[in-house]
Amino acid sequence: MSRIWAGIDSGKGHHHGLALDADGKTLLSRRVANDEPELLKLIGDVLDLAHDREVTWAIDMTGGEPALLLALLVSHGQEVLYMPGRLVNRASDGYRGEGKTDARDAYVIADQARMRRDLRPIRPGDEAAIELKLLTGRRADLVEDRTRVVNRLRGTMLSMFPALERALDVTNTGPLKLLTGYQTPAAIRRAGATRLTKWLANRKVRNARALAEAAVEAAERQHTAVTGEKTIAKLVHTLAEEVMALNEQISEMDKIIEGRFREHELADIVLSVPGIGTTLGAEFLAAVGGSLDEFDSPDALAAFAGVAPRPRDSGKVSGNLHRPLVYHRRLQRVFYTSALVSVRYDPNSRKFYDRKRAEGKKHVQAVLALARRRVNVIWALIRDRRCYEVAPPVTTAA
């Protein structure tokens, strides 16, 4: 059956839609506002052009700015392919002209969808998976914000009180609370270990005595006040409070994610896999859309997760394996991080890891090999709807 291809270059306020026929001839090219009436008109016009032909849509994003357009396409039963922006940029080099416009990008997307057979379809995930994707995305943003503030706090402390910066782990609550009350060497020396211990204990800081003694010891190593100490101390106080506020937000988000994750039908199966907790489990379900129906085999899932190396052989060089360029980075993090943790707690994982190390693989290579193996494990568990066991059940032939 004849077909036409529609490419969408997505943007914040507007999208550009372009439709091609089977010969690559442009049938429609239009800039439309990111608004439901205009998007519906674009969809209707493309379908009118198609007549009795099938329509394949292609887009360079799977969420965010084109979320409304994707929802409308799904509700109209349209086939939608995903073409990553990186592929769009690389493919553009093969087309005539050097300028970059939304119309040109939309043409590249549509034409690549017409010629390629390796683009992944975008399928709507279940409601729980969509919610988990939003929640885990928000958590990732909060963690990035906390990392930036922590780095800024460390840099600010280093400019005023290097000994205290070395002595404190400012990712923990106790040191952060200390910095909300005491920042300078002179202030800490005046307080002394006994008074500082009491001050920390009243704020329910664990190991208050050890923390107070470490701070006083650092203060005894510096008796010189740097230029701008008062202003720097105020900045340290503010940044410490910001980190504590972000910690509270992340903790609250973790509770929300855990509650929503445990409501999913696959939660118990995913949690049974050693090394996977509620956060990694939620990221796994969010990445795969709540099920493995989209993947034909464990190999397809491994390729999507970036834990299946791709060959780069040329001439006399063979067996040259590299990490794929296009993969789901959060899903790779799920498999790699859980594999790293499972080495410590799961005897099967430890045995596999030790065997790979004995074969001469480095630590990271062995963990990646274990991550690839875990793809097969979780695939089988979800397929059979059973939880992980250290000693799997013995099956007898009928």
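Strand 2, spanning residues 14-20, pairs with strand 3, spanning residues 26-33, in the antiparallel sense over seven bridges. The model described here is predicted. Within this pairing, His 15 has Val 32 of strand 3 as its bridge partner. Five residues lie between the strands of this hairpin, in which Gly 24 adopts a positive phi near 85 degrees.

The largest nonpolar core comprises 82 residues, and the members that touch the most others in it are Phe 284 and Phe 335. Helix 10 supplies the largest share of this core, with 12 residues. When residues up to four places away in sequence are not counted, Phe 284 touches Val 270, Leu 292, Leu 331, Val 334, Phe 335, Ile 378 and Ile 382. Another core, of 20 residues, lies apart from the largest one; among its members are Ala 50, Trp 57, Leu 70 and Val 80.

A polar atom of the Gln 222 side chain lies 2.9 Å from the backbone oxygen of Met 160. With neighbours within four places in sequence left aside, the contacts of Gln 222 are Met 160, Phe 161, Pro 162, Pro 185 and Arg 189.

Definitions and conventions:
Residues are numbered from 1 along each chain as its sequence is written. This is a predicted model: local features need pLDDT of at least 70, side-chain atom pairs count only at pLDDT 80 or more; totals for chains, interfaces and linings use all residues. Side-chain values use heavy atoms; hydrogens and water are left out. A polar contact is a pair of N or O atoms within 3.5 Å; within protein, one must be able to donate a hydrogen and the other to accept it, and residues adjacent in sequence count only if both atoms are side-chain atoms. Contact means heavy atoms within 4.5 Å. A nonpolar core is a set of buried Ala, Val, Leu, Ile, Met, Phe, Trp, Tyr and Cys residues joined through side-chain atoms within 4.5 Å. Buried means under 20% relative accessible area, exposed over 50%, partly exposed in between (1.4 Å probe, protein chains only). Helices (H or I, at least four residues) and strands (E, at least two) are DSSP runs, numbered from the N terminus. Two strands pair if DSSP finds at least two bridges between them.
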